[in-house]
Amino acid sequence: MEVKPHTARVLVGRLRGAVATLDGAAAAAAVSEIRLVSKTDPEIRAPLADAGAVPLLAAQLQHASPAAVDAAAALLNISISARDQVASAPGVLDALTSALRSGDAAHHAAAVVHSLLCGGAGAGGEANRAAVCARRPLLSALVALLRAPPSTRATKDALKALFGVALYPPSRATLVSLGVVQALFALVMTDARNGIVEDATAVVAQVAGCAESLEAFRWVSGVRILLDFVEPGGAATPRQRENAAAALLNLVVAGGEAAAAEVVAVGGAEETVREFAEDSAATPRGKAKAEALLRALEGAGPAARRREHRLSDFLDGLVQSDPYISSPASASTHG
């Protein structure tokens, strides 16, 4: 008899027996033991799933039992080695939704959702993403966590989970309808922690990749805020600046001429993006995003071209009336 499977069956049997006899204290003790062993012994995680631990642990979340925090943490540990078994277990997504709304176990539940979305590109990973992202109540609970006090541990875990959700294109419009854009920009503007702002702008960049996001961005002045981040010194970290440029690029790609016009309408937008693209101190990824965005703005269609002609006429007139303004040819010698 193999030791790990035997130990797993014994532990799960204790939990099953405690649940059957309605012994809350014994159930809490069994869940705590499963949490500990699944944390310290990676080799027992899959055997625990094989022994039926997942539905029993999920049940502890649904009923907001005293063992809910330990149960959510144990599910997180098990999901690392048995992701597909956790994702496909009956009732587990409903249980995670309940935990996301309960408070104490919310951060562990959000981390489980993130873990379930981290699968590879194979059939299992795609099935997990589709299953999670189809649960509107679960997505709503994740968005609600962003509105919790900034000190909550669940905020960062919720952002990681939402990033995984937003990587799945069909879910972006759903997130927008749930108010994620407003919640994300509220975090960006009020939370001073660099890690939170970086993660929030990363989610913004993904959510921006759907046509439905443009109107939501308008409501929160999102384009102007992102351009402020793109400006030199406007972001606290290079990653924040990169994410802002990526968000604007995705917004323009998804929203077409209307989105491009929205960006161009902000005074100095093209100049700001060009400065980022030409910034020798910028990261290669950031420069690439800025260069792609600049090309998108310059070739954005009739409306943008009409504006470009007006700007060109204005500059020509300004050069003729002011001899101190360099012509494009002479300006190129100042590289």
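**Close-up views of a predicted model**

The count of aromatic pairs comes to 1 in this structure. The model is a predicted one.

**View 1. Phe 185 and Phe 217 form an edge-to-face pair.** A pair of aromatic rings is described by the distance of the centres and the angle of the planes. Here the ring centres of Phe 185 and Phe 217 lie 5.4 Å apart. Their planes stand at 85 degrees, so the pair is edge-to-face. An angle over 60 degrees counts as edge-to-face. The pair links distant parts of the chain. Phe 185 sits in helix H13, and Phe 217 sits in helix H15 (residues 213-219). They are 32 residues apart. Both Phe 185 and Phe 217 are buried.

**View 2. Helix H13 crosses helix H14 at roughly 150 degrees.** H13 spans residues 180-190, and H14 spans residues 194-207. Their axes come within 9 Å. The crossing angle makes H13 roughly antiparallel to H14. The crossing is left-handed. On the H13 side, the contact is made by Val 180, Val 181, Leu 184, Phe 185, Leu 187 and Val 188. On the H14 side, Ile 196, Val 197, Ala 200, Thr 201, Val 203, Val 204 and Val 207 take part. By class, this contact has 12 nonpolar residues, 1 polar residue and no charged residues.

**View 3. Helix H4 is largely enclosed by the rest of the structure.** H4 covers residues 53-62. Of its 10 residues, 7 are buried. They are Ala 53, Val 54, Leu 56, Leu 57, Ala 58, Gln 60 and Leu 61. What covers them includes helix H1 (3-20), helix H2 (24-40) and helix H3 (45-50). The cover also includes helix H5 (68-81), helix H6 (83-88) and helix H7 (92-100).

**View 4. Leu 22 has a positive phi.** Most residues other than glycine have a negative phi. Leu 22 is not a glycine, yet its phi is about 60 degrees. Look for Leu 22 in the loop between H1 and H2. Is Leu 22 buried or exposed? Leu 22 has a relative accessible area of 77%, so it is exposed.

**View 5. Ser 221 also has a positive phi, in a residue other than glycine.** The phi of Ser 221 is near 55 degrees. Ser 221 lies in the loop between H15 and helix H16 (222-230). Its relative accessibility is 43%, so Ser 221 counts as partly exposed.

Definitions and conventions: Residues are numbered from 1 along each chain as its sequence is written. This is a predicted model: local features need pLDDT of at least 70, side-chain atom pairs count only at pLDDT 80 or more; totals for chains, interfaces and linings use all residues. Side-chain values use heavy atoms; hydrogens and water are left out. Axes are lines fitted to C-alpha atoms, for helices over the stretch in contact, and angles run from 0 to 180 degrees between N-to-C directions. Helices (H or I, at least four residues) and strands (E, at least two) are DSSP runs, numbered from the N terminus. Angles under 35 degrees count as roughly parallel, over 145 as roughly antiparallel, 65 to 115 as roughly perpendicular and the rest as oblique. A crossing is left-handed if the near helix is turned anticlockwise from the far one by less than a right angle, and right-handed if clockwise. Contact means heavy atoms within 4.5 Å. Ala, Val, Leu, Ile, Met, Phe, Trp, Tyr, Cys and Pro count as nonpolar, Asp, Glu, Lys and Arg as charged, and the others, Gly among them, as polar. Buried means under 20% relative accessible area, exposed over 50%, partly exposed in between (1.4 Å probe, protein chains only). Rings of Phe, Tyr and Trp (its six-membered ring) pair if their centres lie within 6.5 Å; planes under 30 degrees apart count as stacked, over 60 as edge-to-face and the rest as tilted.
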